Amino acid sequence: MEREVLHRMLRDMLLSRTFEERAAEEYSKGNIVGFLHLYPGEEAVAAGVINAVGPSDYIVSNYREHAHALVRGTPARDVMAELFGRSTGMSKGMGGSMHMFDRDRRFMGGYAIVGQTCPIAIGVAYGVAMRGLPEVVVCFMGDGAVNQGTFHESLNMAGLWRLPILFVCENNHYAIGTEIHRHSAVPEVFKRVAAYNIPAEKIDGMDVLKVYEVTRRALERIRRGGGPQFIECETYRYRGHSMADPATYRPAVELKAFQEADPLMAATRELEFRYPTPSELAEVGPDNIKTFADHLINNEHLAEAEIEELKQDVQRTVDDAVVFATQSAQPTMDAAWSYLNGNSRHETLI
Ligand SMILES: Cc1ncc(C[n+]2csc(CCOP(=O)(O)OP(=O)(O)O)c2C)c(N)n1
Ligand SMILES: [Mg+2]
């Protein structure tokens with residue numbers, strides 16, 4: 001594999017990790033509000049898949065999508081400003097964490113509804129197929145999405161019409177707090193796809209090289225007219241499902257009364273929402289970024305000093321993104337109104 005691609009994938013993973021950890025910090029300071037679902041632990045999937053796709057391919061993502069946008073090439077400034085709800089954000093501050101959109105890079109969102117990416121990918125791919133273009137739609141989803149009706153309806157249509165879609169399931173074993181064997185009758189996601197005549201395989205989603213290679217091969221098959229393909233990437237998120245709900249809509253006195261009445265429940269909640277300790281994380285498996293960085297050093301692709309430089313570079317990028325977001329203006333009500341009527345000229349958006 002070319003050195004340039006290896007280098008880019010490591011940078012993407014480092015940027016994603018640094019960006020997300022900083023987003024958590026900014027959330028705690030109150031600079032980001034609403035839901036915030038972070039990606040640490042899953043970087044190898046975004047970096048491996050999105051580096052393998054071409055500029056004219058489309059990406060459809062869910063609410064854990066900041067890293068997908070960053071790897072796709074949306075500047076960190078635009079992504080951070082969107083998290084801050086500023087007018088300079090990639091969705092002009094109108095979407096926030098779960099609704100990022102970058103038309104120029106064919107990044108078709110950011111969607112909050114579980115399983116929603118599947119029918120959207122069908123629509124985009126149907127447009128591509130009608131025009132006979134050699135483009136592919138990459139459709140991300142979590143393991144929780146595979147029990148939604150939209151998943152089955154969409155896979156059926158994709159299989160039937162041989163649509164150019166690469167489905168990528170980021171199986172991090174959990175849908176919020178429910179482990180996969182408790183929410184799926186058949187926990188091997190890739191096996192379920194056989195019902196729709198779509199080739200599917202399960203791979204180690206912590207191994208960026210594997211993800212990249214398998215994605216490239218799947219894309220080639222799709223471009224040769226092989227119809228949709230499905231990859232299940234086994235991965236893990238290091239943080240909780242989302243940053244804790246600050247619950248500012250409840251009077252503090254009410255919450256306190258309930259907590260005092262039920263100390264056991266409060267203690268349980270405390271346990272559920274605390275982050276894992278470093279030793280618990282170590283048990284989860286090798287960190288995907290460290291494993292890949294070690295691989296590059298051992299194969300003399302990069303020296304340790306270059307990796308250090310890369311880390312400093314992404315840190316500067318993220319710091320700059322936060323300054324940019326902080327200094328950007330809030331969107332105005334007039335802007336909100338004009339975006340509501342945004343497509344008044346009925347442009348074709350894809
Ligand atoms: C249709 C629908 N039902 C429920 C929810 C609430 N919800 C948000 S995220 C989530 C879990 C999804 O888990 P998964 O698909 O595995 O993605 P992950 O968060 O693990 O990346 C649920 C149930 C929702 N957003 N949409
Ligand atoms: Mg999941």
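**Before starting**

The model is predicted: local features need pLDDT of at least 70, side-chain atom pairs count only at pLDDT 80 or more, and totals for chains, interfaces and linings use all residues. Residues are numbered from 1 along each chain as its sequence is written, while chains are lettered from A and ligands numbered from 1 in the order in which they are written.

**Stop 1: confidence**

Colour the chain by pLDDT, the predictor's confidence in each residue, from 0 to 100. The chain average is 88, and 87% of the residues score at least 70. Now select residues 262-273, where the pLDDT is below 50; beyond near neighbours in sequence, this stretch has four contacts in the model. Two residues are in contact if their C-beta atoms, placed from the backbone, lie within 7 Å.

**Stop 2: the core**

Select V60, A121, V137, V138, C139, L166 and V168. Of the 91 residues in the largest nonpolar core, these touch the most other members. A nonpolar core is a set of buried Ala, Val, Leu, Ile, Met, Phe, Trp, Tyr and Cys residues joined through C-beta atoms within 7 Å. A residue is buried if 20 or more other C-beta atoms lie within 10 Å of its own, exposed if 12 or fewer, and partly exposed in between, with C-beta atoms placed from the backbone. Helix α1 (residues 3-28) gives the most to this core, with nine residues. Helices (H or I, at least four residues) are DSSP runs, numbered from the N terminus.

Next, centre on A121. Leaving out residues up to four places away in sequence, A121 touches V60, V137, C139, S154 and I165.

**Stop 3: helix α4**

Select residues 76-83, which form helix α4. Eight of the eight residues of α4 are buried, so this helix is largely enclosed by the rest of the structure. Its buried residues pack against α1, α3 (66-72) and α14.

Axes are lines fitted to C-alpha atoms, for helices over the stretch in contact, and angles run from 0 to 180 degrees between N-to-C directions. Angles under 35 degrees count as roughly parallel, over 145 as roughly antiparallel, 65 to 115 as roughly perpendicular and the rest as oblique. To see the contact, show A76, R77, M80 and A81 of α4 with T317, V318, D320, A321, V322, F324 and A325 of α14.

**Stop 4: α1 against α14**

Keep α14 and bring back α1. Their axes come within 9 Å and cross at roughly 40°, and α1 and α14 are therefore oblique to each other. Among the residues that meet here are L10, L14 and F19 in α1 and L310, V314 and V318 in α14.

**Stop 5: the loop after α4**

G85 follows α4 and has a positive phi, near 70°. Go on to G93, in the loop between α4 and α5 (117-131). G93 is buried, with 24 other C-beta atoms within 10 Å. The residues touched by G93 include G85, Q330 and P331.

**Stop 6**

Most residues other than glycine have a negative phi. R106 is in the loop between α4 and α5 and counts as buried, with 20 C-beta neighbours inside 10 Å.

Finish at E300, in the loop between α13 (288-298) and α14. E300 also has a positive phi of about 55°, but with 7 C-beta neighbours inside 10 Å, E300 counts as exposed.

Note on methods: Helix = DSSP H or I, 4+ residues; strand = E, 2+ residues; numbered from the N terminus.
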